[in-house]
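Here is a friendly briefing to read with the model open beside you. Take the topics in turn and follow along in the viewer.

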Amino acid sequence: MLTALEASFWVSRFAAPLGCFLIFRKLSFFGDALGHSTMAGIAVAYLVFGSSILPLSIGAAVSGILAAFIFQGASKVFQISSDIALTVTYSTFFALGLYLLSQEHVHLDNYLMGDLWNINPEMLWFVRIWAFVVWFVLGLRWKALWLNAADPDLARSLGYSRSLQDFLVISLVAISVVGMIQAVGVVLLTAYLVIPAAAALPWARSLKSLMVLSVAFALAGSFMGILLAALEPAWHSGPCLALTSAILFAASHGLRWILRSAS
Amino acid sequence: MELLKASNLNFSREGRLILENLNFSIQSQEILGLAGPNGGGKSTLFELLMGWHEHKCELVGAGKAPEVTLLQQNVIKPRSIPLTVETFIEMGTWGVNRQSDPAMSLQDVLQALRLEAIRTKSIHEVSGGQWRLACIARVLVQSADLYLLDEPLNHLDLASEEYVGHLLKDLTAQKQKTFFVISHDWHAMEHFFDRVILLNRRILADGPVREVGQIYSNWRDPASHSWMHLS
């Protein structure tokens with residue numbers, strides 16, 4: 001259990017802050033779809049190179065970025081709304097990934113719903129290092145990413161490229177998916193990406209406090225989820241983590257609503 | 001000194017001519033007004049000056065290309081984002097490649113626009129007028145040669161209008177800044193602006209505010225208040 005707790009600690013540290021940018025860039029659903037889209041790349045990398053982290057990460061990143069380009073291109077070329085293009089693209093990539101993995105008789109449950117109990121040392125090192133990489137990049141591009149998320153017109157007038165910032169966030173999320181799949185599975189990525197950041201919103205007074213609080217909510221949700229999953233060995237970690245995160249989200253917004261009503 | 005000159009500027013969107021054969025220049029250290037009916041292309045002209053659209057004319061700056069920044073007509077409050085008024089204004093200083101001096105420091109602009117009392121308040125707790133002042137402040141802390149302000153006086157009470165007008169005057173005189181301002185407030189323009197351009201797809205008049213205001217009054221149909229016959 002200690003390994004599971006440690007892994008969720010590191011995953012919380014990189015996933016929740018990325019979720020903050022997705023929320024304000026109005027890409028919450030896109031983040032979830034992007035996670036699903038990485039499945040194709042992960043499957044191809046797994047079939048060719050096995051369960052090695054580096055090929056899996058590259059496969060996830062390439063697949064996620066490719067899906068983002070295809071959905072944007074399809075939306076423009078075929079003149080269909082972006083939500084239709086996004087749904088078709090991510091469903092296709094997700095289905096392709098599942099199809100390829102099922103051909104090799106891989107246990108899909110673990111990919112779909114997470115498996116924190118059997119995390120291997122290589123993955124543990126990946127999430128440790130990746131947590132630092134994400135914070136380093138966010139620190140380096142802090143202003144550009146926030147401007148792009150909060151006020152794209154101002155960002156443009158101040159000389160920042162919107163597509164470059166979006167590409168950076170998409171790439172970080174796509175690679176992060178590799179670590180998140182182990183914890184919550186590809187179906188429940190929002191438990192780490194979006195729910196903690198959304199739960200922190202009522203209490204944050206600044207951008208920095210929002211990021212810190214989102215990590216705190218992610219940590220609390222995942223620790224509670226792991227404890228819940230430990231009650232019954234057959235339970236997957238993903239649904240337990242997603243449920244406890246959702247409970248914290250409801251408690252956070254509910255308490256804020258009560259306090260606002262009382263004042 | 002001429003800061004920027006546009007010659008034979010045309011712009012079409014989806015086959016419709018929005019701006020036709022515009023010729024004008026902007027002198028440095030002036031407050032130039034831009035007036036005209038709704039849909040006459042004023043905001044589009046500002047977007048062209050920002051370089052946001054392709055157009056069939058080179059805008060020539062004197063020497064190096066002037067750095068331009070824009071206050072948009074409606075700055076939408078980013079929903080649920082946790083920002084204090086101070087941080088929101090400070091975001092204007094987060095630009096890249098800005099070498100010249102800003103019009104004002106953060107502290108100066110908070111003082112000048114009477115925003116000190118609400119500097120730590122959330123942007124979601126301030127009134128419409130205070131929000132507009134914060135938006136003006138965020139433009140003034142930016143480093144630029146030319147400040148494009150699209151209806152900055154909207155939502156402001158008379159007192160706020162007065163000190164924003166005086167502030168722009170002071171910045172042109174003391175900091176060598178130049179403002180190009182869209183306004184429908186002829187009273188404020190007469191008090192604070194040096195010159196005004198009347199635009200309705202084409203430039204209908206360009207000159208001192210009082211003279212252009214007279215043209216505006218004569219052209220406006222007293223029965224229907226319509227601008228249709230201006231096009």
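In the hairpin that strand 8 and strand 9 of chain B form, with one residue between the strands, R201(B) has a positive phi near 70 degrees. Helices and strands here are DSSP runs, with at least four residues (H or I) for a helix and at least two (E) for a strand, numbered from the N terminus. This is a predicted model, in which local features need pLDDT of at least 70, side-chain atom pairs count only at pLDDT 80 or more, and totals for chains, interfaces and linings use all residues. Residues are numbered from 1 along each chain as its sequence is written, while chains are lettered from A and ligands numbered from 1 in the order in which they are written.

**Around the hairpin in chain B**

- Strand 8 (residues 195-200) of chain B is joined to strand 9 (residues 202-207) of chain B by five bridges, and the two run antiparallel; strands count as paired if DSSP finds at least two bridges between them.
- N200(B) has R202(B), in strand 9 of chain B, as its bridge partner.
- Strand 8 of chain B also runs parallel to strand 3 (residues 31-35) of chain B, with four bridges between them.
- Within that neighbourhood, A35(B) has L198(B) of strand 8 of chain B as its bridge partner.
- Five of the six residues of strand 8 of chain B are buried, so the strand is mostly covered; a residue is buried if 20 or more other C-beta atoms lie within 10 Å of its own, exposed if 12 or fewer, and partly exposed in between, with C-beta atoms placed from the backbone.

**Another covered strand in chain B**

- Strand 5 (residues 68-71) of chain B is covered on both faces, with V68(B) and L70(B) buried on one side and T69(B) and L71(B) buried on the other.
- Four bridges pair strand 5 of chain B with strand 6 (residues 146-150) of chain B in the parallel sense.
- L70(B) sits opposite L148(B) of strand 6 of chain B.

**Loop residues of chain B**

- Q29(B), although not a glycine, has a positive phi of about 60 degrees, and it lies in the loop between strand 2 (16-27) and strand 3 of chain B.
- Q29(B) is partly exposed, with 16 other C-beta atoms within 10 Å.
- R114(B) is another residue other than glycine with a positive phi, near 55 degrees; its loop runs between helix 3 (106-112) and helix 4 (128-140) of chain B.
- R114(B) is partly exposed, as 13 other C-beta atoms lie within 10 Å.
- T84(B) belongs to the loop between strand 5 and helix 2 (85-90) of chain B, and is partly exposed with 19 other C-beta atoms within 10 Å.
- Leaving aside neighbours within four places in sequence, the contacts of T84(B) include S206(A) and R119(B); two residues are in contact if their C-beta atoms, placed from the backbone, lie within 7 Å.
- T84(B) and R119(B) are 35 residues apart in sequence, and their C-alpha atoms are 6.7 Å apart.

**Chain A and its confidence**

- Chain A has 13 helices and zero strands.
- Buried residues account for 52% of the 263 residues in chain A.
- The mean pLDDT (the predictor's confidence in each residue, from 0 to 100) of chain A is 85, and 100% of its residues reach 70 or more.
- Confidence in chain A is lowest in helix 5 (residues 108-113), at a mean of 72, and highest in helix 11 (residues 195-200), at 94.

- The contact between the chains takes 18 residues from chain A and 15 residues from chain B.
- On the side of chain A that touches chain B, two or more residues come from each of helix 7 (142-150), helix 8 (152-157) and helix 12 (207-230).
- Helix 7 of chain A has buried residues, among them W146(A) and L147(A), and its buried residues pack against helix 1, helix 6 (121-140), helix 8, helix 9 (162-184) and helix 12 of chain A.
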